[in-house]
Amino acid sequence: MSWNSEYDVCCGLENLPVFVENKINKEDLPQFQYSPEQVPGPGTDTDPSEVTFPGCGCLATSCLSGSCTCLERHGQMYDGNLRLRDQEENEEHSRPVFECNVMCRCSENCANRVVQRGLGFRLEVCQTHTKGWGLRTLEPIQKGRFVCEYAGEVIGFAEACRRQASQKPEDMNYIIAVKEHTGGSGTIETFVDPARVGNVGRFLNHSCQPNLFMVPVRVDSLVPRLALFAGRDIASGEELVFDYSGRYKNSLGNGQAPNTISAESWMRKPCYCGSQDCCGFLPLDISVINNGEVSN
């Protein structure tokens with residue numbers, strides 16, 4: 001495995017550089033402004049960089065259950081090896097995570113600081129046979145470990161609809177929406193678009209049988225960081241993929257997409273993930289075009 005050591009896709013803004021395959025010219029890569037974290041975009045009411053959570057007063061190197069106010073409020077979500085807990089019990093991986101933040105007095109090595117540490121594995125931008133750009137790992141990744149974020153512009157609902165409607169059939173759709181249920185009928189929606197400003201997450205492809213899953217992780221701000229964790233042990237050289245619909249394991253197994261569309265099926269883009277239970281089309285919520293919900 002070799003890579004182009006002359007060009008770091010991250011522009012030196014990550015812990016580790018992310019190079020490209022040596023057969024790829026950097027001039028052929030998509031043009032975008034690199035940002036390792038979410039940035040405010042049109043229509044958003046909340047600044048992703050705004051500190052909104054109180055911190056703990058722990059003076060130990062790492063916070064402990066029973067003495068840390070952060071862990072008392074939100075629970076201990078990582079084990080001693082920095083792996084996300086409760087994977088076997090929660091196949092959909094939908095539980096939000098709260099980490100210690102800039103207001104906390106614990107050290108940067110606290111076990112409740114994982115996503116905020118940034119990239120911890122060597123990754124490479126590559127070209128796939130049928131899906132265009134892709135991202136793969138250059139080293140093994142253990143199940144439950146944090147891999148990367150899906151970062152970009154945090155935009156409002158109306159802006160997400162406008163951008164979706166302005167796309168041409170051949171354009172790539174990077175917009176993703178996360179809807180979190182807060183109890184009862186309450187929901188929190190977050191729209192992220194890394195097309196113009198984004199990080200390595202924009203190179204991740206969809207798969208109906210992914211090896212990554214997405215979890216909203218909050219650090220300083222109410223705006224979640226869309227963190228991608230390994231859903232199983234991943235071997236060196238494997239392409240990193242997640243399910244754009246938010247699922248981790250495709251339980252349908254009948255060749256139908258999670259959001260079935262009939263009359264508007266011409267708008268669907270084919271899925272080339274090649275998995276045994278492939279849905280045939282990339283996930284799409286058609287209601288965004290009619291001022292409804294949006295999904296990648």
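**Figure 1. Burial and secondary structure across the whole protein.** A residue is called buried when its relative accessible area is under 20%, exposed when that area is over 50%, and partly exposed in between, with a 1.4 Å probe and protein chains only. By this criterion, buried residues make up 48% of the 296 residues in the protein. This is a predicted model, in which local features need pLDDT of at least 70 and side-chain atom pairs count only at pLDDT 80 or more, while totals for chains, interfaces and linings use all residues. Residues are numbered from 1 along each chain as its sequence is written, and side-chain values use heavy atoms, with hydrogens and water left out. The protein has 2 helices and 15 strands, where helices (H or I, at least four residues) and strands (E, at least two) are DSSP runs numbered from the N terminus. With a contact taken as heavy atoms within 4.5 Å, 67% of the contacts between residues at least 6 apart in sequence join residues at least 24 apart.

**Figure 2. The nonpolar cores.** A nonpolar core is a set of buried Ala, Val, Leu, Ile, Met, Phe, Trp, Tyr and Cys residues joined through side-chain atoms within 4.5 Å. The largest such core has 35 residues, and those with the most contacts inside it are Leu135, Tyr150, Leu240 and Phe242. Two or more residues are given to this core by each of β6 (123-127), β8 (146-149), β10 (176-183), β13 (212-218) and β14 (225-230), and the largest share, 3 residues, comes from β14. A second, separate core of 15 residues includes Met77, Phe213, Val215 and Val219.

**Figure 3. Strand β11 and its partners.** Two strands pair if DSSP finds at least two bridges between them. Strand β11 (residues 186-198) pairs in the parallel sense with strand β3 (residues 33-34) over 2 bridges, and within β11 the bridge partner of Gln33 is Val197. Strand β9 (residues 152-155) runs antiparallel to β11 and is joined to β11 by 4 bridges, with Ile155 opposite Phe191. Strands β10 and β11 are also antiparallel, joined by 7 bridges, and here Val178 stands opposite Thr190. These two strands, β10 and β11, form a hairpin with 2 residues between them, and Gly184 in the turn has a positive phi of about 65°.

**Figure 4. Helix α2 against the strands.** In helix α2 (residues 157-166), the buried residues are Glu159, Ala160, Cys161, Arg163 and Gln164. The buried residues of α2 pack against β9 and β11. An α-helix has 3.6 residues a turn, so residues three or four places apart point the same way.

**Figure 5. The open sheet of four strands.** An open sheet of 4 strands has the order β5-β13-β14-β8, with mixed pairing. Strands β5 (97-98) and β8 stand at the edges, each with a single partner strand, so one side of each is left without a neighbour in the sheet. The pairing of β5 with β13 is parallel, over 2 bridges, and Val97 stands opposite Val217 in β13.

Figure 6. On a 1 Å grid over the protein atoms alone, a cavity is a set of points where a 1.4 Å probe fits but cannot get out, and lining residues have an atom within 4 Å of a point. A search of the whole structure finds 1 cavity of 30 Å³ or more, and about 40 Å³ of space lies in the largest cavity, a volume being the space filled by probe spheres set on the points. The lining of the largest cavity consists of Ser62, Cys63, Leu71, Gln76, Tyr78, Ala111 and Asn112.

Key: 1 Å grid on protein atoms, 1.4 Å probe; cavity = no way out; pocket = protein on both sides within 12 Å on 5 of 7 lines; lining within 4 Å.
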